[in-house]
Amino acid sequence: MTGRTDGTTGAAATVRVVLADDQTVVRAGFRALLDLTDDLVVVAEAADGARAVEAVRTTRPDVVLMDIRMPGVDGLEATRRIAEDRSLDRVRVVVLTTYQVDAYVFEALRHGAAGFLLKDIEPDDLRAAIRTVAAGRSLLAPAVTRRVIEEFARLKAPEAAGAERLAVLTGREREVMALVAAGLSNEEIGRTLIMSPLTAKTHVSRTMTKLGARDRAQLVVLAYETGLVRAGERQAVYSRGSRRRLPPEDSGPAPRS
């Protein structure tokens, strides 16, 4: 993802958005909000997942606002298809949901969604969220995101191959991964582990590359699925066997890539 500038003046570039929702009134409402913003433009709409994927492949947007429950191909499958298409690796999917705790949201994060938003989000928050995702960052700031992950991590035991999957990480990378799952920004990780924010960012990037995670959202999911971080606990167990108390769920500013 580029820095979303025009490359000449440094001015913000237009963020291209695809709206995917089976309800016409919902799409119209989001379009009306975005049409009032100079740097956001809706380039296509879709009423089901299959058309959403087609629209994304045709228009190459920066962000997709994807409803989960749609007829035919649903938003979950559409998200998976987009995330697995290497030609669409710059496209970021944001899941739209009516419910704060939704099993489908958890699955969407697993399949590559950059985050999720409630459909009753405030207009200014919606626009800010789209810009955040377009800039290459994940929507992990709302505490409800972590509650979704924790709720559905409780419903399944960590994968049997979890420990083996984490074997590619160094002890420091496991520490960083656990702190990402706790919602810490690069600056906060740096302060916690006594390193610069740039070094923390490098560790995060290397960890995502080793685990094949698309972004920080998937890194958080993997932290729970592999058992590195346990649902309901604010502690993480590292390879060295030490335990470190993590900050409260809602502490600190929104995480940034």
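Colleague: At what angle do helix 8 and helix 11 pack, and how far apart are their axes?

Modeller: Two packed helices are described by the angle between their axes and the distance between the axes. Here helix 8 (residues 171-181) and helix 11 (residues 216-225) pack at about 105°, with axes 9 Å apart. Helix 8 and helix 11 are therefore roughly perpendicular (65 to 115 degrees). Axes are lines fitted to C-alpha atoms over the stretch in contact, with angles from 0 to 180 degrees between N-to-C directions. Helices are DSSP runs of H or I, at least four residues, and strands are runs of E, at least two, numbered from the N terminus.

Colleague: Which residues make the contact?

Modeller: Contact means heavy atoms within 4.5 Å. Helix 8 supplies Met177, Val180 and Ala181, while helix 11 supplies Arg216, Leu219, Val220, Leu222, Ala223 and Tyr224.

Modeller: A word on the model: it is predicted, local features need pLDDT of at least 70, side-chain atom pairs count only at pLDDT 80 or more, and totals for chains, interfaces and linings use all residues. Residues are numbered from 1 along each chain as its sequence is written, and side-chain values use heavy atoms, without hydrogens and water.

Colleague: Is Ile194 buried or exposed?

Modeller: Buried means under 20% relative accessible area, exposed over 50%, partly exposed in between (1.4 Å probe, protein chains only). Ile194 is exposed because its relative accessibility is 78%. Ile194 sits in the loop between helix 9 (186-193) and helix 10 (197-211), and its phi is near 55°, a positive value in a residue other than glycine. By contrast, Arg127 in helix 5 (residues 123-134) counts as buried at 15%.

Definitions and conventions:
Angles under 35 degrees count as roughly parallel, over 145 as roughly antiparallel, 65 to 115 as roughly perpendicular and the rest as oblique.
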